[in-house]
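Me: I would like to go through the fold of this protein in questions and answers. Please keep to what can be read from the coordinates.

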Amino acid sequence: MEIVGYQAKINITQVLPCVEEKIIGNQEFALKRLINASWLYDPFGDNLTYGVEFGIGKYFSWEFYLFAETVEMAEELGGALLYNLQERYRGLDGQMSVYPLYSEFLDIKRSLYELILPSNPPLKLHFLRKIINYYKTPQRKMDATVFIVWKRDDLHASPDPLKFMLRTFVTLNPNPDFSMDLEERELKTNAVLRYFVSDMSIPPYQKAKHDLVPPIFWRNVLTTDVFPEKPEYGQLPREFMPNYIKPHLIDFDIPPEMPLSKPPILENRNTVNLAIDFNDPNYVYVGTKMNKGVLSTESGLIAIDSLTTHLNIFGKTGTGKSTLIKILLHQIHKKRPDIGILILNFAKPYLEDDYPMAHVYKFPSEKFRVPYITPFDRIMISIKESSNVFAACLGLKYLGPGIFSETLQRCYSKFNKFPVDIKEFFNCVDDNMKTKSWEPEFKQHVRATFKRRINELFYREDLEATLNLLDGAWKNIPEWFKKWKEGGTVLIDLTKCLEEEQHLIGMLILTMIENLIPIDKEKSNRLKYLLMLDEAHRILGKPSDGHPESPEFIMKDKTNSIYKRITQESRAKGLGIITADQHAHLLHSIAIDSARTKILFQLGYPSNQIFTGIMNEREMLLTLQERYALVITNTERYLLRTVDDKIP
Ligand SMILES: Nc1ncnc2c1ncn2[C@@H]1O[C@H](COP(=O)(O)OP(=O)(O)O)[C@@H](O)[C@H]1O
Ligand SMILES: [Mg+2]
């Protein structure tokens with residue numbers, strides 16, 4: 001097969017529209033800007049012929065093409081044109097490839113039409129708009145390919161540098177989803193062609209029209225050989241002169257409705273380029289930074305020890321939060337195996353499949369235990385903490401803490417230990433209330449209230465079994481906690497819990513963390529323990545009804561204060577917390593405030609308003625594509641595309 005030459009093709013994958021600035025009064029400036037925005041141009045200045053091909057089918061495509069005799073030349077021209085387009089248009093990106101043109105494949109039978117547009121129209125021609133409108137037509141029965149070929153004028157003796165020769169061609173194909181006979185096909189074809197040249201005639205002398213061209217002409221279109229050569233001597237006769245157009249007379253700037261993805265742009269980007277790579281053991285690699293809407297070569301890295309000031313990941317469902325967490329935790333596990341990782345799973349069954357290195361504890365099971373009272377350095381703290389947690393979870397704000405702690409103190413002073421079964425403990429609470437010298441009616445009421453609340457929460461036995469003391473001794477620490485503290489990866493599966501049960505267990509776990517993780521005496525500022533809360537609203541959510549007496553409010557308020565204490569001490573303890581959720585605005589403000597690093601995927605309203613006051617950024621957060629995120633650390637601010645998930 002004979003090779004005629006090579007075609008360099010640039011498939012444009014994304015671009016930002018050219019912003020229409022309203023410039024009043026300064027016509028010269030406006031014209032300049034328009035010419036700068038038009039892609040009817042000759043970037044290399046050597047009167048090459050440029051082509052563009054629009055594919056209007058199931059998908060929309062926009063490709064620039066150039067013809068060259070050799071592969072090397074095609075590579076050079078295509079590469080240079082892509083760089084040039086990227087420099088000229090914000091956020092433009094594309095893929096350049098070079099194809100050989102075999103003479104056999106240029107022998108195309110399909111009908112090819114030329115659209116003949118008038119030269120020097122008094123009003124701007126809207127050709128690109130027509131192409132886009134046609135693509136957006138519902139129930140479009142004909143697919144189309146449009147070719148536009150242009151070259152800067154080199155035929156006139158003293159050519160105007162802003163004058164371009166331009167020819168446009170169209171070929172139409174029935175959409176395979178609709179069946180059509182030949183006659184209908186012809187009618188449809190004519191309708192489309194007529195639409196493309198509508199509104200372009202300059203009556204009465206110049207009419208925009210369409211013409212069938214011989215199939216042999218396909219070769220010329222694809223090799224960009226469509227304009228006359230300048231004769232060696234003298235002028236080209238007038239009748240052979242092609243049509244001319246100036247850039248400002250045709251809508252070749254990039255309109256907002258261009259059906260290509262529009263990359264997000266961050267106005268006040270601020271990044272530090274550290275001389276570290278993604279293998280550095282003290283950093284986790286989260287993805288590639290974007291620059292001016294295009295993926296750059298810079299890596300997004302987060303210092304592992306900076307997690308002691310916590311990380312928030314927010315974004316709508318399906319934007320890539322859980323996957324990013326998985327990537328983060330796997331890297332931390334590999335790079336710093338001494339760090340204990342505790343994953344509290346509230347929502348995703350079989351999450352353990354993603355973490356083969358984890359020790360898994362499921363609720364309910366014999367293996368997973370959270371004793372209702374655990375030893376802290378002083379017995380009174382143990383008593384107080386447990387009493388507060390139970391009072392909060394049962395919604396017994398006033399009498400609860402006092403009665404519970406009094407009962408526990410009594411048990412302890414009498415027997416030097418606590419009841420093994422939580423049920424037994426609640427019996428003791430009731431016995432304690434019976435001895436009170438309260439008004440009989442009031443006493444009756446209080447006892448009934450306690451009983452009702454307890455029965456509501458402890459209606460199933462497996463919750464009781466989980467909370468009973470280990471081996472009868474209250475000083476025993478559950479196995480999962482020891483494993484975590486020793487640097488293991490532990491996954492606690494609470495997906496089978498009811499919401500209130502998740503709260504109670506979550507609070508007991510937070511209390512244990514608060515009291516059993518010691519202050520790091522070496523003050524190394526290194527991360528030692530990591531807590532991961534995906535779907536964090538399950539325990540860090542704001543109360544949904546505002547009534548400050550409601551059990552829900554009391555419980556969530558209490559969680560808030562425990563969480564606040566944990567985050568305040570965590571740096572000194574080497575404890576880091578990663579929280580992820582889809583609705584930032586439904587979390588306690590402390591859960592958002594305390595994190596110094598944020599990774600924000602696409603957010604809905606009003607979550608998008610929490611992290612930035614800049615209108616454009618709020619808008620951008622509303623429309624970010626999956627796996628793109630705004631990263632805010634204490635020194636940096638950048639957009640990122642998350643690393644590919646290669647974890648099996
Ligand atoms: N980094 C990634 N690499 C490959 N696929 C990803 C990546 N992030 C997200 N995805 C795809 O998107 C889907 C949803 O991501 P997920 O992390 O579950 O989102 P979220 O937790 O925000 O709801 C995943 O199932 C996966 O197919
Ligand atoms: Mg998720």
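Predicted model: local features only at pLDDT ≥ 70, side-chain atom pairs only at ≥ 80, totals over all residues.

Me: In what order do the strands of the open sheet of 11 strands lie?
Reply: Strands (E, at least two residues) and helices (H or I, at least four) are DSSP runs numbered from the N terminus. Two strands pair if DSSP finds at least two bridges between them. The pairing in this open sheet is mixed, and the order is 11-10-20-19-18-12-17-16-13-15-14.

Me: Which are the edge strands?
Reply: An edge strand here pairs on one side only. The two that do so are strand 11 (294-303) and strand 14 (359-362).

Me: What is the average twist from one strand to the next?
Reply: Axes are lines fitted to C-alpha atoms, for helices over the stretch in contact, and angles run from 0 to 180 degrees between N-to-C directions. From one strand to the next, the twist averages 25°.

Me: Which residue of strand 17 is the bridge partner of I313?
Reply: Strand 12 pairs in the parallel sense with strand 18 (residues 597-600) over 4 bridges, and N312 stands opposite K598 there. Strand 12 also pairs in the parallel sense with strand 17 (residues 575-581), again over 4 bridges. In strand 17, the partner of I313 is A580.

Me: Are the residues L311, N312, I313 and F314 of strand 12 buried or exposed?
Reply: A residue is buried if 20 or more other C-beta atoms, placed from the backbone, lie within 10 Å of its own, exposed if 12 or fewer, and partly exposed in between. L311 and I313 point one way from the strand, and N312 and F314 the other way. On both sides these residues are buried.

Me: How are helix 13 and helix 15 oriented to each other?
Reply: The axes of helix 13 (residues 499-516) and helix 15 (residues 551-573) come within 10 Å and cross at roughly 25°. Angles under 35 degrees count as roughly parallel, over 145 as roughly antiparallel, 65 to 115 as roughly perpendicular and the rest as oblique. The crossing angle therefore makes helix 13 and helix 15 roughly parallel.

Me: In which loop does the cis peptide bond partner P606 lie?
Reply: Y605 and P606 are joined by a cis peptide bond with omega about 0°. Another cis peptide bond, with omega about -5°, joins F363 and P364, and P364 lies in the loop between strand 14 and helix 7 (379-393). P606 lies in the loop between strand 18 and helix 17 (615-623).

Me: Is T224 buried or exposed?
Reply: T224 lies in the loop between helix 5 (217-222) and strand 9 (244-245), and its phi is near 55°, a positive value in a residue other than glycine. Because 22 C-beta neighbours lie inside 10 Å, T224 counts as buried.

Me: Is K523 buried or exposed?
Reply: K523 sits in the loop between helix 13 and strand 16 (529-533), and its phi, near 50°, is positive in a residue other than glycine. With 10 other C-beta atoms within 10 Å, K523 is exposed.

Methods. Residues numbered from 1 in each chain as written. Chains lettered and ligands numbered in written order.
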